[in-house]
Amino acid sequence: MPEQKPWDETTGSGAISGAGAGGGMDLAMDEGATLEKTPGGPEGTGPAGKPRSLWSDAWRDLRRNPVFIISSLVILFLVIISIWPSLIADQDPLDCDLSKAQEGSQPGHPFGFDGQGCDVYTRTVYGARTSVTVGVLSTLGVSLLGGVLGGLAGFFGRGWDAVLSRITDVFFGIPVVLGGLVFLSVVTSSTVWPVIGFIVLLGWPQIARIARGSVITAKQNDYVQAARALGASNSRMMLRHIMPNAIAPVIVVATIALGTYISLEATLSYLGVGLKPPAVSWGIDISAASQYVRNAPHMLLWPAGALAVTVLAFIMLGDAVRDALDPKLR
């Protein structure tokens, strides 16, 4: 009978056959030790081997998305010039010279002059402040009002849900532009607050329905039922367990809607019921330039181009956030 060979470290099959059950256990232990020493852990876990949350996964995906990076840089630039427009425009947007009306590009005035002799470049830069202010404040107001009402209706149901559903049906039946013509035509203020108030008034039902459906889905999960069985109060369940897991769809819809609100402000200002002179707005400049488009197309090109780029940047940002926060798209 041939002598059995000892453990051979150079041959994989001999090692496994000679090791037996004990060798297989040692090999499994070695693999487990190797996994524990791996810095990143397996896929779907963090540095300490703990499962990543939805938000950490979303941030990880956003950092790798070129659409998010490009749109974020454009929006960051718009926010900076909205807060400090004098960084890139050292003139007064209301300083006009009628002798230069409708003239084209000149040294120090790269975009030319409008029909009143105002510098188009300066007015385009200062117009970003109005658009960003209206878009951001309207989105915050819509998200807060719609999120609270929709969340309460989805959580309590019954009477709350029935009343909210009928109210949202009424608001959904109001055309936005027609409602703006009626509501803002009686307002004489030239500030942004009437426009923001109108957008919040007609924009909250969409967010409310999204929040309602998201809360109804979240409150049926096992962890919410367990918290209820342990005696957690309604406020604790809502703030601690439901809202953090139901707010993602609201953020996605609000981010996409922000660009829509900027476009809506420009539309209302173009129709003469939004912001009014002497306020500086892209919608006002587009409206004033529309009658000179053949003789001086530069008056229309620059504010319209700035509006298009701004709306596109916010819509791209919303699409990137939606792709990162929607588990079905992973």
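**Exercise 1. Describe how helix 4 and helix 7 pack in this predicted model.**

Solution. Step 1: the geometry. The two axes lie 5 Å apart, and helix 4 packs against helix 7 at an angle of about 40°. Step 2: the hand. The crossing of helix 4 past helix 7 is right-handed. Step 3: the composition. Sorted by class, the residues in the contact of helix 4 with helix 7 are 17 nonpolar, ten polar and one charged.

**Exercise 2. Find the angle between helix 5 and helix 7, and classify the pair.**

Solution. Step 1: helix 5 covers residues 158–172 and helix 7 covers residues 193–218. Their axes are 9 Å apart, at an angle of about 140°. Step 2: angles over 145 degrees count as roughly antiparallel, and 65 to 115 as roughly perpendicular. The angle therefore makes helix 5 oblique to helix 7. Step 3: helix 5 passes helix 7 in a left-handed crossing. Step 4: on the helix 5 side, the contact residues are D161, L164, S165, I167, T168, D169, F171 and F172. On the helix 7 side, they are L201, L202, W204, P205, Q206, A208, R209 and R212. Step 5: this contact of helix 5 with helix 7 holds nine nonpolar, three polar and four charged residues.

**Exercise 3. Repeat the analysis for helix 3 and helix 12.**

Solution. Step 1: the axes of helix 3 and helix 12 (residues 298–325) come within 8 Å and cross at roughly 135°. Step 2: helix 3 and helix 12 are therefore oblique to each other. Step 3: their crossing is left-handed. Step 4: helix 3 contributes V67, F68, S71, S72, V74, I75 and L78, which meet V309, T310, A313, F314, M316, L317 and A320 of helix 12. Step 5: by class, the contact of helix 3 with helix 12 has eleven nonpolar, three polar and no charged residues.

**Exercise 4. Check the span of helix 10, then locate its kink.**

Solution. Step 1: helix 10 (residues 248–270) has 23 residues, and at 1.5 Å a residue it should span 33 Å. The expected span uses one less than the number of residues. Step 2: the end C-alpha atoms of helix 10 are 34 Å apart, which agrees. Step 3: a kink of about 30° is centred on L258 in helix 10. Step 4: G272 follows helix 10 and has a positive phi, near 90°.

**Exercise 5. Identify the backbone exceptions at Q102 and P278.**

Solution. Step 1: most residues other than glycine have a negative phi, and most peptide bonds are trans. Step 2: Q102 is not a glycine, yet its phi is positive, about 65°. Q102 sits in the loop between helix 3 (66–83) and helix 4 (120–156). Step 3: P277 and P278 are joined by a cis peptide bond, with omega about 15°. P278 belongs to the loop between helix 10 and helix 11 (282–289).

Note on methods: Residues numbered from 1 in each chain as written. Predicted model: local features only at pLDDT ≥ 70, side-chain atom pairs only at ≥ 80, totals over all residues. Heavy atoms only, no water. Axes fitted to C-alpha atoms, helices over the stretch in contact; angles between N-to-C directions. Helix = DSSP H or I, 4+ residues; strand = E, 2+ residues; numbered from the N terminus. Parallel < 35°, antiparallel > 145°, perpendicular 65-115°, else oblique. Left-handed = near helix turned anticlockwise from the far one by under 90°. Contact = heavy atoms within 4.5 Å. Nonpolar A, V, L, I, M, F, W, Y, C, P; charged D, E, K, R; others polar. Bend = angle between axes of the 7 residues up to and from the residue.
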